[in-house]
Amino acid sequence: MATEEERVKAFLRQYLECEREIEVRAEELARCRCLAVKTTGAIGGERVQGSRKNRLEETVERIVELEEALLEQVERLRGTKEAVDRAIAAVDSGEQRAVLQMRYLAGKNWEETGDALGYSLRHAARLHNLAVKELAGRGQFVKAG
């Protein structure tokens, strides 16, 4: 069973997880659009033998599906980011907030976080742990989805 601190970390990690999902969908959409352009030139309006639809129609349908999925992911990201932003903003210490922002919004590792904020790696980790404990004490963070 996950501790409250583990639930807080999972909650905060959702932001970058959503960003990665959106990036994958955007790359897939770009590949489909490229294929649509190639397909248009190669087959024009001709039907593929044995198929009710031509390849261009199928590609266009796939692009529309991907665009819809991408828009859903963007909306999810927006909601997740707002929730994570609110949680981080609720932390009393500005130093602790900065560490959480670097770790969970900017995706920095411990060394990068410490360097960017002028802290040792240990001090950055200590500030992080204090912030997570503060948020865990509120008991309101559950990973969505």
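1. Reading along the sequence, you get the pattern α-α-α-α-α for the protein chain. That is five helices and zero strands, where helices are DSSP runs (H or I) of at least four residues and strands are E runs of at least two, numbered from the N terminus.

2. A word on the source: this is a predicted model, with local features needing pLDDT of at least 70 and side-chain atom pairs counting only at pLDDT 80 or more, while totals for chains, interfaces and linings use all residues. Residues are numbered from 1 along each chain as its sequence is written, and side-chain values use heavy atoms, leaving out hydrogens and water.

3. Of the 145 residues in the protein chain, 32% count as buried (under 20% relative accessible area, 1.4 Å probe, protein chains only).

4. Now for a helix pair. Helix α2 (residues 55-89) packs with helix α3 (residues 94-105) at an angle of about 155°, their axes 9 Å apart; the axes are lines fitted to C-alpha atoms over the stretch in contact, and angles run from 0 to 180 degrees between N-to-C directions. So α2 is roughly antiparallel to α3 (over 145 degrees).

5. Who touches whom here? V84, D85, I88 and A89 in α2 meet R97, L100, Q101 and L105 in α3, contact meaning heavy atoms within 4.5 Å. By class, that contact has five nonpolar, one polar and two charged residues.

6. K38 sits in helix α1 (residues 4-43). K38 is exposed, at 58% relative accessible area (the cut-off is over 50%). From K38 to L56 is 18 residues in sequence and 9.3 Å in space, C-alpha to C-alpha.

Note on methods
Parallel < 35°, antiparallel > 145°, perpendicular 65-115°, else oblique. Nonpolar A, V, L, I, M, F, W, Y, C, P; charged D, E, K, R; others polar.
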